[in-house]
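I opened the notebook to go through the helices, the loops and the pockets of this model. My entries follow in the order of looking.

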Amino acid sequence: MQGKLIVFEGVEGCGKSTQLQALAKQLTAPEGRITTPGYPEGVPIITTREPGGTLLGGELRQLLLGRAMASPTELLLYAADRAQHVEEVIRPALAAGHWVLCDRFIDSTVAYQGYGRGLDLALIQLLNQVATGGLTPDLTLWLQLDVAMGLSRTRQRGDNDRIEQADLAFHQRVQLGFETLAQQHPERIVPIDAAHPPAAVTAAIFTVVEQHLQPWPNRLQT
Ligand code: T5A
């Protein structure tokens, strides 16, 4: 049985990390395996993120978020992080039938390095292909939030990293990237209104995941 890859995407401060943890908790409480009625019972849930989902990735993350670098260098380091992550964590988990909830994946590179930095989109697609071996998410939850609102959330939290500190125009181009991707891939990217309070966003996500379970065959195993 092949597992499922569910990815959370969006601009800075849209609430991905909060919602990823909320979905994992809601599905698995209290044992770390799926317990929610109607879902594939007993299936383990893995939570992970990019960059930084592996030991090597943790080192790459420190470089990526901490150091100034040329845009092509940034692109290649994100691709390296993803290649390691897919090989070491995501593919083995999916092969074992686990559900993988991942904070950012291929669409972030298109949005940030493609639309944000202005790097060649065809090259990014090729690098994503190399890094993932063609693996695409079963479902991408795009947490849609006004850029300024997201940045004000991260600024309230303090400790902004190198990319969060980029100017507003950069983040608006990133937003355009996510909007374009959602139009291009409606079969896997579902927009979620992330401007509501956290519990309401969690409820909306749960409904979308429920709807997507229908065509996923391992629902039948419950
Ligand atoms: N990147 C990544 C690329 O450029 N290319 C790539 O290919 C990849 C994979 C990752 C950076 O790397 C870039 C994108 C990023 O800039 P990161 O630290 O992981 O760095 O940054 P983010 O992924 O943006 O994570 P953040 O933690 O900054 O944002 P989240 O996860 O969207 O938001 P979250 O859940 O941490 O919440 C942020 C704040 O808002 C509050 C939370 O309590 C928190 O304080 N909040 C809400 N407040 C009000 N209402 C709600 N509904 C709220 N939800 C959360």
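Predicted model: local features only at pLDDT ≥ 70, side-chain atom pairs only at ≥ 80, totals over all residues.

**Entry: Ser 108**

Leaving out residues up to four places away in sequence, Ser 108 touches Glu 9, Gln 113 and Phe 178. Ser 108 sits in helix α4. Is Ser 108 buried or exposed? I read a relative accessible area of 8% for Ser 108. Because the cut-off for buried is under 20%, Ser 108 counts as buried.

**Entry: helix α4**

Next I took the helix around Ser 108. How many of the 11 residues of α4 are buried? I found 10 of the 11 buried, so α4 is largely enclosed by the rest of the structure. I listed the buried residues of α4: Ile 106, Asp 107, Ser 108, Thr 109, Val 110, Ala 111, Tyr 112, Gln 113, Gly 114 and Gly 116.

What do the buried residues of α4 pack against? The helices are α3, α5 and α7. The strands are β1 (4–9), β4 (139–144) and β5 (189–193).

**Entry: Gly 177**

I then moved to α7, one of the packing partners of α4. Gly 177 lies in α7. Gly 177 has a relative accessible area of 0% and is buried. With residues up to four places away in sequence left out, Gly 177 touches Ala 111 and Tyr 115. I also checked Gly 177 against Thr 109. The two are 68 residues apart in sequence. Their C-alpha atoms are 9.5 Å apart in space.

**Entry: Gly 118**

I went on to the end of α4. Gly 118 follows α4 and has a positive phi, near 80°. Gly 118 is in the loop between α4 and α5. Is Gly 118 buried or exposed? I read 58% relative accessibility, and Gly 118 counts as exposed. From Gly 118 to Ser 71 I count 47 residues in sequence and 8.9 Å in space, C-alpha to C-alpha.

**Entry: helix α5**

Helix α5 covers residues 121–132, which makes 12 residues. From its first C-alpha to its last, α5 reaches 16 Å. That is close to the 16 Å expected at 1.5 Å a residue.

Which residues of α5 are buried? I found Ile 124, Leu 127, Asn 128, Ala 131 and Thr 132. Why do they fall on the same side of α5? They cover an arc of only 120° around the axis, which puts them there. On the other side of α5, I noted Ala 122, Gln 125, Leu 126 and Val 130 as exposed. The cover over the buried residues of α5 includes α3 (71–95) and α4 (106–116). After α5 comes Gly 133, with a positive phi near 65°.

**Entry: the second largest pocket**

I turned to the pockets. The second largest pocket has a volume of about 380 Å³. It is lined by 17 residues. The closest to its centre are Ile 106, Val 110, Gln 125, Asn 128 and His 185. Which helix gives the largest share of this lining? It is α5, with six residues. I see at least two lining residues from each of α4, α5 and α7 (168–184). By class, I have seven nonpolar, eight polar and two charged residues in this lining.

**Entry: the largest pocket**

The largest pocket has a volume of about 820 Å³. I count 37 lining residues. Which are the closest to its centre? They are Gly 13, Lys 16, Ser 17, Arg 104 and Glu 164. The elements that give two or more residues to this lining are α1 (16–28), α2 (55–66), α3, α4, α6 (147–157) and α8 (198–213). The lining divides into 13 nonpolar, 11 polar and 13 charged residues.

**Entry: Arg 104**

I followed up Arg 104 from the list for the largest pocket. Arg 104 has a positive phi of about 75° although it is not a glycine. Arg 104 is in the loop between β3 (99–103) and α4. I find Arg 104 buried, at a relative accessible area of 13%.

**Entry: a cis peptide bond**

Last, I checked the backbone around Pro 51. A cis peptide bond joins Glu 50 and Pro 51, with omega about -5°. Pro 51 lies in the loop between β2 (45–49) and α2.

Key. Residues numbered from 1 in each chain as written. Heavy atoms only, no water. Helix = DSSP H or I, 4+ residues; strand = E, 2+ residues; numbered from the N terminus. Expected span 1.5 Å × (residues − 1). Buried < 20%, exposed > 50% of the residue type's maximum accessible area, 1.4 Å probe, protein only. Arc of directions from axis to C-beta. Contact = heavy atoms within 4.5 Å. 1 Å grid on protein atoms, 1.4 Å probe; cavity = no way out; pocket = protein on both sides within 12 Å on 5 of 7 lines; lining within 4 Å. Points joined across faces, edges and corners; volume = space filled by probe spheres on them. Nonpolar A, V, L, I, M, F, W, Y, C, P; charged D, E, K, R; others polar.
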